Amino acid sequence: MTVVPSSTSTSLTFAQMSELAAAKGNTLKLKYFPFHGMVEAARFLVYTSGEKYEFVHPEAWPEDKVNTPFGVLPVLNIITESGDNLELAELAVIENFLAKRSGFLGNSVWEESIISMIVSSTSTVFDKYIVMVIRSPDSIRQELLDRWLDLTLPEWIKYHEQYLINSGNTGYYLKGSNEVSLAEIKTATLLPAIMKIAEKREYFSEEKTPALFKVLETAKKHPEYARWLASEEYKDYTAKNIALLGF
Ligand SMILES: N[C@@H](CCC(=O)N[C@@H](CS)C(=O)NCC(=O)O)C(=O)O
């Protein structure tokens, strides 16, 4: 099998690439399938970056795999003003890169690590649903869905409620913070989908999950996030997500 490596700007040094990636005036191109899937937070971070951006979709899949670093999406291409093309793959890395650029990753290395820790926990619960349930054979999907609903999800709910309450139940994960970070954005983007998937279990309510609901309110009060939720682009991805995945 021949794998053609995806394009990278090999003539630039890492120091040059770092400078270019942080510069203003770039165009951000985020490639993923034409629904929210796993990139809802990443799309918001692109939207709020202040840079020109394009949300692009593969023309043909799996044919387009070979044009990505690891055969999967999302991929972020940063096109600099001088036409260089810097490429990043792997969702967590793309999210962190974009979040750091726009101030959604705290104000110190420790805050950054705590935010990444919380995001990783939330990403994992959703990834498990995608990998264990959605991609499973029809014959065992219901059993795996029940396992996710009865074991995986309740743990996430319990520990996140506890973490938020220990942080003061303010709607922010970081104690004493009043700045929206990727931790709140990640939860706010995935919680509505998770609630829909689990609606028959009745795990979520103002009484049962007050701290998680406060995170949703915190995110919705963020002016840029509210603007993103109201945008046609966002609504279009939501409609396609519902049509394809049911949430
Ligand atoms: N480790 C990757 C996983 C990405 C992933 O699983 N992408 C899926 C879409 S959600 C994909 O590209 N699937 C198509 C394929 O595997 O051919 C990441 O975190 O970005």
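The model is predicted, and its chain is divided into domain 1 (14-101) and domain 2 (109-245).

**Domains and core**

- The centres of domain 1 and domain 2, taken over C-alpha atoms, are separated by 22 Å, and 20 residues of domain 1 are in contact with 22 residues of domain 2.
- The largest nonpolar core has 69 residues, and those with the most contacts inside this core are Trp148, Leu153 and Phe204.
- Leaving aside neighbours within four places in sequence, Phe204 is in contact with several residues, among them Leu153, Ile157, Leu191 and Phe213.

**The largest pocket**

- About 600 Å³ of space lies in the largest pocket, which is lined by 24 residues, with Tyr32, Met38, Leu73, Pro74 and Arg135 lying nearest its centre.
- Helix H3 (91-101) and helix H4 (109-134) are the elements that give two or more residues to this lining, and H4 gives the most, with eight residues.
- Sorted by class, the lining of the largest pocket has 15 nonpolar, five polar and four charged residues.

**Backbone features**

- Most residues other than glycine have a negative phi, and most peptide bonds are trans.
- The peptide bond from Leu73 to Pro74 is cis, with omega near 15°, and a cis peptide bond also joins Trp61 and Pro62, where omega is about 15°.
- Pro62 is found in the loop between strand E2 (52-56) and strand E3 (75-79), and Pro74 is found in the loop between E2 and E3 as well.
- Glu90, which is not a glycine, has a positive phi near 80°; Glu90 sits in the loop between strand E4 (85-89) and H3, and it counts as partly exposed because its relative accessibility is 41%.
- Glu202 also has a positive phi, of about 50°, although it is not a glycine; its place is in the loop between helix H6 (182-197) and helix H7 (210-221), and Glu202 is exposed, with a relative accessible area of 56%.

- Asn241 lies in helix H9 (residues 232-245), and Asn241 counts as buried because its relative accessible area is 4%.
- Leaving aside neighbours within four places in sequence, Asn241 is in contact with Phe35, His36, Gly37, Gly246 and Phe247.

Methods:
Residues numbered from 1 in each chain as written. Predicted model: local features only at pLDDT ≥ 70, side-chain atom pairs only at ≥ 80, totals over all residues. Heavy atoms only, no water. Helix = DSSP H or I, 4+ residues; strand = E, 2+ residues; numbered from the N terminus. Buried < 20%, exposed > 50% of the residue type's maximum accessible area, 1.4 Å probe, protein only. Contact = heavy atoms within 4.5 Å. 1 Å grid on protein atoms, 1.4 Å probe; cavity = no way out; pocket = protein on both sides within 12 Å on 5 of 7 lines; lining within 4 Å. Points joined across faces, edges and corners; volume = space filled by probe spheres on them. Nonpolar A, V, L, I, M, F, W, Y, C, P; charged D, E, K, R; others polar. Core = buried A, V, L, I, M, F, W, Y, C linked by side-chain atoms within 4.5 Å. Domains from an automatic or database assignment.
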